[in-house]
Amino acid sequence: MNKQKNFPEFPTPPLPNPEGRVASEKRGAGRPARGRALSWREVGPVEPASAQVRGPGRACSGLGPAPPSRRAAAAVVAVAAGPWGRQQGPSGRRGGGGGGSSDPELRCGGAGSRASGDGTAAGAMPPPKDVVKIAIQMVGAIPQLIDLHQTKPLASVLKDVCDAWSLPNAEHYALQYVDGRQTYITESNRGEIKNGSILRLTTSPDQEAERLYSGIQSNNSDVKTDSLKKLAGLSQDVTFAQEFINRNGLKQIFYIVEEGNATGEMLAHTLKAFMELMEHDFVSWETLSAAFIKKIVSYVNMNTVDASVQQLSLSILENMVPTSRLLFELVKKEVTLDRLLTHLQVTNAQLQLKAMALLIALLLAATDAERRDMMDYLQEKNIRQFIHKNIIHSSEPLGDEMAHYLYVLQSVSLNLCERRMRTSMDPYSQEQRELLQSLRQTAFELESEAPASNFSTERRRSLCAKEFRKLGFMNNSNPAEDLRRAPPGLLALDNMVYFSRHTPNAYSRFVLENSSREDKHECPFARSSIQLTLILCEILHVGEPCSETAQAFYPMFFGQDHFFEELFCICIQLVNKTWKEMRATQEDFDKVLQVVREQITRTLSLKPTSLELFKTRVNALNYSEILKLRQTERLHQEETLAVPVLELRERLKPELLELIRQQRLLHLCEGTLFRKISSRRRQDKLWYCRLSPNHKVLHYGDVEEGVQSPPIESLPEKIPVADMKMLLMGKECLHTKEKSSGKQNKDVLELAFSIVYDMEEYCLNFVAPTRYEFCLWTDGLNVLLGKEMTSERTQTDLDVLLSMELKLRLLDLENISIPDTPPPVPKPPSNLNFCYDFSHAEQ
């Protein structure tokens, strides 16, 4: 049986007529009839099964007497997710499930409506896509099920619903959701009704608006408060809000606020209703009277007002600020930054949140100059430290909304750097030239024994160019050219000057340390600073507009003044440290800065709470750690770190290590040509060494130039493998201690190895021609001695072989995730008669 699918919009047939008949409609071949209601067996029992079936036009007799008035009780319309029950009648026509009639009727129960195990009536067909099943329920009555055709006018549907309980004046009623926001059902949103939704039959929006409009003008405070409370709830619905505003209801709310007699709960409901009504944008915020705005402002500025009233007042002002420049200036003038800071210091988290929201609204609506002045004033009041201590590290958990406001505040503050970031250096600006010269003077003021004034102009220019080159400027004769690129523009110069003035020792150490290195190995300070500033701007999104949903703020931002400059001071020293770890040259500049970017990004993702903690963590994340993380992530992406794969790796290792051992022994059997080394100079004498095919004897002897692979019989000297005692490498070998030049001695140390053999402990000394031969021979000799292979080549070969073998083994599992645990073993079958006897079939 096909399962029912729900579609929001589709062509729909009409509801059954009052006589229970489906309106005449031309149907295609095989299209089922429509109109039968669900039986109670299909939905489940709601009341005892004693309901009697009425005649055509009434749903069931269990409804009881009609209510005496419209306000007696509320009806509930439940959209039931039931089947569209249809059974094939004896005559071939599709009849109703209840009495076998060929005409569909609204029924309460029926003998033919058997429910299957999955909740679908036996023999049922899925309902048409344009029909939903609705159950009408009233207090003290059995629910009624009908079919709601989406193309039938809503007024007709309401009339049918009201007729079922003999409710007069159907136009005074409306359908409304019960759960969530109690939205009224209208012709525009009726397509959103889904099977399983709960609806209520209630007073129509116009009637309710009229009643509440009268209620809020009552002299009885209880009636007035109850009306305002209900008004605050219903005003979320756009249909009701329009009806209430059309009755000039906002004017009455203005009067309640401006009069000033409402307090406490009544005032809170009034402001809540006003907020909800204004959310629909039927009325412009600019139409608010000055008296109303001043009253709202007074609630924010007073200390004795109820907290809920202050929260709503702050929300109203927050919504006013972005709408017009006039309202922004009015709120900025009346609600001072000091007052907002006072609200941020309270223990009420909601009041803190609303005060922060208004502060952010003011900052976003301000001009660049106003925003800079406001941020400077907030910095004087230590707002960052206060937020860091009392909001970020408060006992209350930080909500998503507050996290977003902190992100916006951080973004607004960092964007103050945008102007300098996008401004290129002006070589004719005296101020900028002095800043540039201060970098040189701070770094090299002690180097010049004679004052620069004693030098000629050409000599001073040459000296300055030399010092700017040591500072790492690419254009040392005119360093201003390096700062013409924007971004980072003048922001890079600001960072360099800040670093030189606030950490002069670190600055001098950076410059002088690199000045003493070889030209290709020195880390250029100026070039690194310019590129690092650009990297920090990209990581911190300087100059980018604020996201409307982001919450990614950095806690350490609020714990430090001059955050961007202090972060630069830490990171520029990190550049020098990483440069040395990578043993970089000028050609590796981009690679070093790429690693530094990764170090900063990974550390920031940990959300360190202070710059000191950031400094500790980013310095601990050295270049070797970055390489390990990259390798681990690559393995994770290839799914080679899954538990079953790791187990397979361990099972494959012994087999592959044995393969490597055999390869090493085969290489020793082929042999290698070695060159003799004397204490005075390199000799041209050559000798050859190889292992016998049975791996029991090492044969060696002198050979002539040009001989590539002499036969084993031509090598006179022999060393039985059984007589070999140990293998010495590098500094352990005696022949490495012979006097020679530095470079030659270094080569000998890296490639030398010796075999100690016989009882007298003689040594056979080797100097491998290449590092590759050294690894293969030392591994092979260790295998002969029964020891582990220790060269770096062994691990490389093992990794390559493991990777290849794993990919071959897992080739059929491409793009299939490997589970961490094996699947459960299925239960054994009841019998094992799986074989088919072909002998009987052949006979």
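This is a predicted model: local features need pLDDT of at least 70, side-chain atom pairs count only at pLDDT 80 or more; totals for chains, interfaces and linings use all residues.
1. Tyr177 belongs to strand 6, and five bridges join strand 6 to strand 7 (residues 198–203), the two running antiparallel.

2. How many of the five residues of strand 6 (residues 173–177) are buried? Five of the five are, so strand 6 is largely enclosed by the rest of the structure. Both faces take part: Tyr173, Leu175 and Tyr177 point one way, Ala174 and Gln176 point the other way, and all are buried.

3. Now for the chain as a whole. The protein chain has 30 helices and 14 strands. Of its 843 residues, 45% are buried. Among contacts with a separation of 6 or more, 68% are between residues 24 or more positions apart.

4. Helix 6 (residues 249–259) deserves a look on your screen. Its buried residues are Gly249, Leu250, Gln252, Ile253, Phe254, Ile256 and Val257. These pack against helix 3 (205–215), helix 4, helix 5, helix 7 (264–278) and helix 8 (290–301). Just after helix 6 comes Gly260, with a positive phi of about 80 degrees.

5. Staying with helix 4 and helix 5, you will find Ser235 in the loop between helix 4 (221–234) and helix 5 (238–246). Is Ser235 buried or exposed? Ser235 is buried, because its relative accessible area is 0%, below the 20% cut-off for that class. Beyond its neighbours within four places in sequence, Ser235 is in contact with Phe240, Ala241, Ala273, Glu276, Leu277 and His280.

6. Arg384, Ile387, Ile391 and Ile392 in helix 14 meet Met402, Leu406, Leu409 and Ser413 in helix 15. By class, the residues of this contact are six nonpolar, one polar and one charged.

7. In the second pair, helix 19 (residues 490–502) and helix 20 (residues 504–515) pack at an angle of about 110 degrees, with axes 5 Å apart. That makes helix 19 roughly perpendicular to helix 20. From helix 19, Phe499, Ser500, Arg501 and His502 meet Pro504, Ala506 and Tyr507 of helix 20. The residues of this contact divide into four nonpolar, two polar and one charged.

8. Please check the backbone at two prolines. Most residues other than glycine have a negative phi, and most peptide bonds are trans. A cis peptide bond joins Ala486 and Pro487, with omega about -5 degrees. The bond from Pro487 to Pro488 is cis too, with omega near 5 degrees. Pro487 is found in the loop between helix 18 (457–470) and helix 19, and Pro488 is found in the loop between helix 18 and helix 19 as well.

9. His562 has phi near 50 degrees, a positive value in a residue other than glycine. His562 sits in the loop between helix 21 (525–539) and helix 22 (563–582) and is partly exposed, with a relative accessible area of 41%. For His695, phi is near 60 degrees, again a positive value in a residue other than glycine. His695 lies in the loop between strand 9 (682–691) and strand 10 (697–703), and its relative accessible area of 28% makes it partly exposed.

10. Finally, there is an open sheet of three strands, in the order 12-13-14, with antiparallel pairing. Which strands are at its edges? They are strand 12 (724–729) and strand 14 (762–767), each pairing on one side only. The twist averages 20 degrees from one strand to the next. Six bridges join strand 13 (residues 752–757) to strand 14, and Ala752 stands opposite Val767 in strand 14.

11. The loop between strand 13 and strand 14 holds Asp758, which is partly exposed at 29% relative accessibility. Asp758 and Ile719 are 39 residues apart along the chain, and their C-alpha atoms are separated by 8.4 Å. Leaving aside neighbours within four places in sequence, Asp758 is in contact with Asp723 and Lys725.

Technical notes: Residues are numbered from 1 along each chain as its sequence is written. Side-chain values use heavy atoms; hydrogens and water are left out. Two strands pair if DSSP finds at least two bridges between them. Helices (H or I, at least four residues) and strands (E, at least two) are DSSP runs, numbered from the N terminus. Axes are lines fitted to C-alpha atoms, for helices over the stretch in contact, and angles run from 0 to 180 degrees between N-to-C directions. Buried means under 20% relative accessible area, exposed over 50%, partly exposed in between (1.4 Å probe, protein chains only). Contact means heavy atoms within 4.5 Å. Ala, Val, Leu, Ile, Met, Phe, Trp, Tyr, Cys and Pro count as nonpolar, Asp, Glu, Lys and Arg as charged, and the others, Gly among them, as polar. Angles under 35 degrees count as roughly parallel, over 145 as roughly antiparallel, 65 to 115 as roughly perpendicular and the rest as oblique.
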